[in-house]
Structures are given as structure tokens and as C-alpha cells.
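Please have a look at the structure first.

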Amino acid sequence: MAEGPRGDTIYLRDREMITGEVKELRLGILTVDTKNIGIVDIKISHIETLNTLDSFRIETADQMLYYGTLEAAKPGYVYITSPSYIRLIEIDHINTLAPVERKVVKRLQGNASAGFTYTRSSRIGQLSLNSNIYYTNRDFDQSLSASGIATIDSSAFSFDRADFSLASYYNVKSNNKWYLVGGVDYQRNMQLSIARRFQETLGGGRKFILTPGAQILGILGVSLNEELSTEGNESLLVEIPLGFVFNFFQFSDPDMQITSKNAFYTSLSQKGRVRYESNTSFTWEIIHNFAFSWTFYFSYDRKPPDPDAGKVDYGTTVSLTYKF
């Protein structure tokens, strides 16, 4: 096989060898940019060992954090090499590989999905959009996510629900179980009478479970919300968010990933107001870089800005997802 653009080498358990540029390892999938056949995703369970030229930030299942290059070792193992140490670890125990020395554009990873439904009887169509972009460097992880649901009928186009989120995570070097997080969000939910909500959050989190097949992370902090209701009422709220993120993935047929994000909000400035936001996605890979996704969302607001508005909003979307 011709040498890839960078010369990283992946040795597979079936004795094949792939050369290229290792881009990342996330949720059990190693992504490699090869010269002749483009982007290749390899299940970590299929890798015997590997070599990399660039340094990576390496997180392991026992919640250790390393920085260094990877060098081939005996089957099922790899050396982590840095100027100050050499470590021998099992391949299956690596949870995350993130490049730390490349240009910004080479650190970007993500996916985008779209779905559309239409019924002739109502002459109403519904468009759903979703996108996630990830960026990593030596100490930080950044994520940008956007989702929306729009309604199209014979006379109007309206966004009924929208959510844009930018978050930055700092890994505490002294203990890889803990991290700091800051983020800004924009939300719109016509069912709950929210014309717009700007939210700024600061907090800390803990990685409770990191295994080759599952991850559970938690966060606790403080949020400042600027709300505008559909009736034109503005309010400034201080809330305590308690959130959990759950990731599950399996590599037997069919390849499947489940991601669930859940957050409880308790208001400090409006007595008795409690909110809950949940978004859960099930993704099945169809062909290379394309997947079928089913998403369920749920929102609850005990005291929405408009007293006559509904307190609950929920729904499902079906979409086609492209990974880049």
C-alpha cells in the first residue's frame, strides 16, 4: 500500500497495514486520512499496534492522561513515548487520541445531519437540522453544536425550536477525572413560549465512567440566562445546572452509538422554577461516513415565561448523518 500523507502506520489484527495520518480516536473509532482511499474509520478492536509521528493527548480507560507519540509494541499493546517517560499500555484501554501539534483545520472533526417530513393532507413540512464540530489542542476540548426544527406550510416558514451551543472543556492535569467547563448557548422554543434565551455557564465536571464501550460525564455549575418570551417579556435568571452526558457504542453488526445529554436547572432568582432538557440520539452506520439517526428530545419548564404556555415539549426526528 502506498504511503499516506504523514507516514503514521496502523497494524491490523488480520495482518494488514494502513499508512496515513492519524486524525483522532473518539468513541472507539480511530480515524485515519490515507492518500489513496481518503478517510478511513477503524474499530480499535481491530488494531494490533501502531506508530505515529505527531504527539497526541492520550486519555486511557483508567483515567490517566499522557502526552506523546505512539510506537508499535507487542500485539495488543503500544508504547507512549515522551521526552520524560515511556509507557506500555493496551490498545483497548485508549479512550481518546487528540493531536496537539497540527494546524487548526486538521484538528476539526464533526458531523452534520438533515431530515424532512411532509404530509399532503396538511400541506405542512417539517425540516430538522443538526451539526456537531469538535476541536482539540493540548489542554482544551471545544465543541460547537447546532440543531433546529422548522415548519414549512403554504404561507410561512418558521423555526419552532433551535439550539446553538459553544462549549470549552479544560482537563485538570493533576487528575484526569476532573475538568472545568465554560459555555454559551442560544435557545428558541415556541412551545414553551421562549422567543430567545441566551445562556452563559461556568462550572466543573467529573468523568465517572470511561470504558472501551461507555462513557458517563457529569457537570455542576452556575448559569446566567437572559430570556425573551413570545409575549415580549424580558427576564434575567440565575440557575444551577446539573448535567450528565452518556455515550455508548458497540462495534458488532450493526455498528451503533447512543448519545444522551441531560440537564436539570434550578432557579436561584425565580422561586419554584425548575427546568429539564434532554436530547438522546441513536445512530446506526449505513455505509462509510453515512449513518441513520433517530433523535428524541424532551423539555420541561415548571414556570414558563408565559403562564398560558405549555410546560412540556417533546418530539422525535429521523435524519441522515454525514461524518467529516
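Glu-59 and Arg-57 are both buried, where buried means under 20% relative accessible area with a 1.4 Å probe and protein chains only, exposed means over 50%, and partly exposed lies in between. This is a predicted model, in which local features need pLDDT of at least 70 and side-chain atom pairs count only at pLDDT 80 or more, while totals for chains, interfaces and linings use all residues. Residues are numbered from 1 along each chain as its sequence is written, and side-chain values use heavy atoms, leaving out hydrogens and water.

Glu-59 and Arg-57 form a salt bridge, with their closest N and O atoms 3.6 Å apart; the term asks for a side-chain nitrogen of Lys or Arg within 4 Å of a carboxyl oxygen of Asp or Glu. Arg-57 also meets Asp-141 in a salt bridge, at 2.7 Å from N to O. Because Arg-57 sits in strand E6 (residues 56-60) and Asp-141 in strand E13 (residues 140-152), this pair ties together parts 84 residues apart in sequence. Strands (E) are DSSP runs of at least two residues, helices (H or I) of at least four, numbered from the N terminus. Asp-141 is buried, as is Arg-57.

Now turn to another pair: Arg-15 and Glu-48 join their side chains in a salt bridge of 3.5 Å, N to O. Arg-15 lies in the loop between strands E1 (8-12) and E2 (17-26), and Glu-48 in strand E5 (residues 47-51), so parts 33 residues apart in sequence are tied together. Arg-15 counts as exposed at 68% relative accessibility, whereas Glu-48, at 14%, counts as buried.

Finally, the chain has zero helices and 22 strands, and 46% of its 324 residues count as buried.
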